[in-house]
Amino acid sequence: MNNLVYLVPLFPLIGFLINGLGRKSLSKQAIGAIGSATILASFVVSILLFLQVKSSGAIIANYFNFIDVEAIKIPFSFQIDQLSSLFLLIITGIGFLIHLYSTAYMNDEEAPHFARYFAYLNLFVFSMLLLVMGGNYVIMFIGWEGVGLCSYLLIGFWFKNDAYNYAAKKAFIMNRIGDLGFLLAIFWLINKLGTVTYGDVFANVGKLTPQDITIITALLFVGAMGKSAQLPLYTWLPDAMAGPTPVSALIHAATMVTAGIYMVARTNLLYTLAPATQGFIAIIGLATALFAATIALKQNDIKKVLAYSTVSQLGYMFLGLGVGAYTGAVFHVMTHAFFKALLFLGAGSVIHAMHHEQDIRKMGGLNKYLPITNITFLLGCLAIAGVPPFSGFFSKDEILAAAYLKNPILYYLGVVGALMTTFYMFRLYAMTFQGKFRGTHEQEHHLHESPSAMTIPLIVLAILAVIGGFFGVPEVIAHLFGASEVAAKQSHWLEGYLAPVFAASKALTTETPTNSSSELMMMGVVTGLVLVTIAFTWNKFSKYESTNAEETGLGKVLENKWYIDELYNAIIVNPLDALAMFLKNVVEKSGIDGLVNGVGNFVNYSSRQLRLIQSGQVGAYILMMVLSMLGILLLWINDGTIVNFLHKLF
Amino acid sequence: MPIQYYIYLALSLFSIGVVGVLTRRNAIIIFMCIELMLNATNLLLVAFSKMHYAAALTSNAATQVGIDGQLFVFFIMVVAAAEVSVGLAIIVMMYRNTHSVDINFLNRLKN
């Protein structure tokens, strides 16, 4: 089995090469088939690896020395353990569904662009696989940069639109800021430990001082902030919606943005040893969750709402990591991947039917025209809102329960965020699918359910979004349904599966006993509040009539995203622009150009003056010759030192 | 005869040559002035050669010191002869083209 490991990233790489190099000659059917089949092949190998890891533990495959200088040896190695095998399944499984969906969604593109799209998508999957399979931080960093690049390429996929290119650049630069932190953390590790291989780092963690651990974890978290769109580096993710919708589903919701979660979960031992960083992560995560949720309340672009909801959910995952609920965070990554991919693909189906209209104020009543999309989207909304027994309930509840044990304030704020999530998701659903159609007659005439290549992924993801939660049923719920003591202990399957990865961290933390009756009561209260919110939202927005009234007060601030983009423009972008203009107009034009042109002008001028000596008068030449010879003679006679000087010179 | 007299003579010949080259415009006269300078040099070479020989002869009857100076004079003569033949040919050609031997007509390389 060990020799199968390299196949997982190899398949998408082959797909990328074929589609990328053959984009001028392949037909669209062939492109779609190659793009999807390679990911399917990876998925099959991933399942085999998953079963292998499940039965006999982690696999470490060393291939060659990637960097080998003096004392530093960084191998090119893959580590497939419980955590990465789970991510492999998510990436290749959801990746395959989205590839399949894309074959229909992107069908309007011409063949070369269609091939370019699939090549990028395959390259993205390849990079993401490197990221989660890498056996050390350097290999992870290669994947980390690779996904950033693919994200840039795919956001700017329709490169003829300047606004999209700007969004792509924004995403890339924001990510680079985070990447710098990651890179510094790697350097710090190499400096202190001389190794970046996970196993060696965690085994030698005793050699690090607490300060070192705090700095390394904080720097790593800066990397995670950029990639996973946390405050204050989140603004790129909503803009990333410029890319095609399946890309938003795959990269900007289900996989790439969870890289930060993966990295922190992978480094869980260091984080457990750095409580200061953990507290910081919890605060940033919660702040992001609430902040993004408030923005989502007032957005009218179907994809923007989902984008802010992604930022908000990522905040929950970081809250989980910050309070030490590593399993909960990974669990939420998994369930979130299911329902957010579903919601994005559903939104894609709506946009497809509406001929690229994304404003929900111009939709409404789509449940009659798009029955499958309607039902699956509703299931996705129920899952993200956390209605039991849908998947979001279990994962979000686990994070919130862990937050409660750490600090009840975190819990209460988290619940407020969850209610806001419910509100904006059902506002989105009701305005899109309920009520009566508010678009043009022409649009209404063209409304149609999407082809099966798009609805099948929706159905599969909807099933996963519904049942995904049962991989991690909390003990109290199992008790409630009369499971035996032993069965209840094993009801949280995911926790048992991931236990080896988090074992070292768990040994360091003291288990706080949970009060099962209060836990049940909290679940009940939250569920009740969620249901009330759903009813309220449904009532308010299902008969939505478009009004032209301007938002006022707080609503206007929220609609404009707290003016954060304007703030960043004012304090960072514009000063940088001004500096660049100064360098360009003043330093470059009069400084550098002046110097270079000055040298040329000087040579020109002096040669023009020297030319005058060449008069063509033979007598003048001879006179000059004689005078020069006389001069040399006089120097020789009068002052030997000058002659010596000339000797030295020539 | 003291060496100084030779030097003074050679110096005056050379200076006449230099001034002639600088001031005259007639190509043939310039030519003659150049010859004058060459011969001033020859005269000096022979004079110094003789001086060294005479000095060396007092200690060694079979000495050959100074012979190279005399040899060099012959070289210069040969070179001067070659130069004269080429130079005069040029002057003849120049006269054919311009009907003049004034070097100021030669200040243009083009045409």
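Predicted model: local features only at pLDDT ≥ 70, side-chain atom pairs only at ≥ 80, totals over all residues.
The predictor assigns the complex an ipTM of 0.74 and a pTM of 0.77. For chain B, the average pLDDT is 88, and 95% of its residues reach a score of at least 70.

Chain A is made up of 650 residues, of which 49% count as buried. Its secondary structure comprises 28 helices and 2 strands. When contacts in chain A between residues at least 6 apart in sequence are considered, 80% of them join residues at least 24 apart.

The contact between the two chains involves 7 residues from chain B and 7 residues from chain A. On the side of chain B that touches chain A, the residues divide by class into 5 nonpolar, 1 polar and 1 charged.

Helix α8 covers residues 210-227 and helix α9 covers residues 236-239, and A:Pro232 is found in the loop between them. The peptide bond that joins A:Leu231 and A:Pro232 is cis, with omega at about 0 degrees. The loop between α8 and α9 also holds A:Ala229. This residue has a positive phi of about 55 degrees, although A:Ala229 is not a glycine. A:Ala229 has 31 other C-beta atoms within 10 Å. Since a residue is buried if that count is 20 or more, A:Ala229 is therefore classed as buried.

A positive phi also occurs in chain B, at B:His99, a residue other than glycine, where the value is near 55 degrees. B:His99 lies in the segment after α3 of chain B, a helix that covers residues 67-98. Around B:His99 there are 9 other C-beta atoms within 10 Å. A residue with 12 or fewer such neighbours counts as exposed, so B:His99 belongs to the exposed class.

A:Ala229 is buried, whereas B:His99 is exposed. A:Ala229 sits in a loop between two helices of chain A, while B:His99 sits in the segment after a helix of chain B.

Technical notes
Residues numbered from 1 in each chain as written. Chains lettered and ligands numbered in written order. Helix = DSSP H or I, 4+ residues; strand = E, 2+ residues; numbered from the N terminus. pLDDT = per-residue confidence, 0-100. Nonpolar A, V, L, I, M, F, W, Y, C, P; charged D, E, K, R; others polar.
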